[in-house]
Amino acid sequence: QVQLVESGGGLVQAGGSLRLSCAASGLPFSMYALAWFRQDSGKEREFVAAISRSGVNTGYADSVKGRFVISRDNAKRTVSLQVNSLKPEDTAVYYCAADFEASSISYSVASSDYRFWGQGTQVTVSS
């Protein structure tokens, strides 16, 4: 079975940092583009960051550009999201996702393109 498990969320004050991780099993990890999405209560799920199969190309939502960094370790079968300079509006459940349809150098920002999803990890940023 395919399984994506997020960890690293928590409660942090504004301006603080966290490192979110997602461990994958049951799929050929290096064949999937990977992404992070987030969803706060009462809002739609939104794109946060993505990384291509090769790991060379990355993309970020404008709201997190310059503050968040996505990375992957194909040997450890993990994808991470370093979240820095956190703001209260970053509060959400953060989900990792895997997209088999992406090319080796591309990624999608559409949640509908991602086949596998984790259950999420909560990030709460206080003022």
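A residue counts as buried when its relative accessible area is under 20%. In this predicted model, Phe37 comes in at 1%, so Phe37 is buried. Trp117, with a relative accessible area of 26%, is partly exposed instead.

These two residues meet through their rings. The centres of Phe37 and Trp117 are 5.1 Å apart and the planes sit at 50°, so this pair is tilted. It's a link between distant parts of the chain, with Phe37 in strand β4 and Trp117 in strand β10, 80 residues apart. Phe37 also pairs with Phe47: here the centres are 5.7 Å apart and the planes at 75°, which makes the pair edge-to-face. Both Phe37 and Phe47 are buried. Together with Tyr114, the rings of Phe37, Phe47 and Trp117 link up into a cluster.

Tyr94 has contacts with, among others, Trp36, Val48, Phe68 and Leu81.

As for the sheet, four strands form an open one in the order β1-β3-β8-β7, with antiparallel pairing. β1 and β7 are at the edges with a single partner strand each, so one side of each has no neighbour in the sheet. Six bridges join β7 and β8, and Phe68 has Val83 in β8 as its bridge partner.

Note on methods: Residues numbered from 1 in each chain as written. Predicted model: local features only at pLDDT ≥ 70, side-chain atom pairs only at ≥ 80, totals over all residues. Heavy atoms only, no water. Contact = heavy atoms within 4.5 Å. Pairing = 2+ DSSP bridges. Helix = DSSP H or I, 4+ residues; strand = E, 2+ residues; numbered from the N terminus. Phe/Tyr/Trp six-rings, centres within 6.5 Å; stacked < 30°, edge-to-face > 60°. Buried < 20%, exposed > 50% of the residue type's maximum accessible area, 1.4 Å probe, protein only. Lists of a residue's contacts leave out its neighbours within four places in sequence.
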